[in-house]
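Please examine the structure shown below, and then follow the explanation of its aromatic rings and charged pairs.

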Amino acid sequence: MSGNIKRQSVYNAKMIGSIQLFIGIVITAVFGIVLIKFLGIPYEEQTSALIVIKLICIGIMIIGIIILTAGYRKHKLVKKFDLYSKILGSDPNKYLSVLAISAKEPLEVTKKNVSKMIQLGFFPGMYIEDAKNRLIYQGINQNAVSAAQKAAIGNYAEVKCNGCGAVGMVLKGTTGTCKYCGSPLSTD
């Protein structure tokens with residue numbers, strides 16, 4: 001169900017963005033053409049009514065530009081969502097720092113974008129955990145998630161290197177080599 005909600009939210013944002021882009025372009029173009037037409041009138045022939053019309057045209061053009069910008073931002077956010085979804089799909093911990101690095105943008109920009117996406121319903125049932133800067137599904141037991149992750153790597157053990165003190169992962173019952181100093185690592 002939440003997948004359908006997410007798809008619908010993204011679709012709605014994309015459609016609203018497209019409508020805003022269209023309306024913004026039409027308003028800006030039409031009133032820009034009218035303004036250009038009125039600017040061609042010599043100053044001596046201009047009346048106060050014509051000056052008011054020019055000011056109204058400028059005001060409506062500004063509104064058109066604002067609508068156009070809002071549509072562009074929505075489209076840009078939907079594209080970012082597509083990128084973020086791909087990146088987050090491969091990060092079981094959903095860290096925003098990993099997302100920011102992968103998206104090649106500052107962490108604060110990523111956090112702002114994700115917050116906006118959550119607000120628009122792109123990530124239903126999720127929130128940002130500020131302490132660890134990551135996305136969390138509401139209602140999921142985080143200990144259960146950690147246990148599932150540990151089960152996935154249950155055949156490995158963390159081993160402290162006797163040579164340099166670094167921690168490495170070694171398949172249980174085997175020996176490995178420290179990637180920092182080359183000393184042997186063993187689970188025994």
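Rings of Phe, Tyr and Trp (its six-membered ring) are said to pair if their centres lie within 6.5 Å; planes under 30 degrees apart count as stacked, over 60 as edge-to-face and the rest as tilted. This is a predicted model, in which local features need pLDDT of at least 70, side-chain atom pairs count only at pLDDT 80 or more, and totals for chains, interfaces and linings use all residues. Residues are numbered from 1 along each chain as its sequence is written, and side-chain values use heavy atoms, with hydrogens and water left out.

Phe81, Phe122 and Phe123 make up one aromatic cluster, and the structure holds 2 aromatic pairs. In one of them, the ring centres of Phe81 and Phe122 are 5.2 Å apart and the planes stand at 70 degrees, so the pair is edge-to-face. Phe81 belongs to helix H2 (residues 48-89) and Phe122 to the loop between helix H4 (107-119) and strand E1 (126-129), so the pair ties together parts that are 41 residues apart in sequence. Helices (H or I, at least four residues) and strands (E, at least two) are DSSP runs, numbered from the N terminus.

Buried means under 20% relative accessible area, exposed over 50%, and partly exposed in between (1.4 Å probe, protein chains only). Phe81 is buried, at 5% relative accessibility, and Phe122 is buried at 0%.

The structure also has 3 salt bridges, each a side-chain nitrogen of Lys or Arg within 4 Å of a carboxyl oxygen of Asp or Glu. One of them joins Glu105 and Lys80 (2.7 Å, N to O). Glu105 is buried, with a relative accessible area of 13%, whereas Lys80 is partly exposed at 21%.
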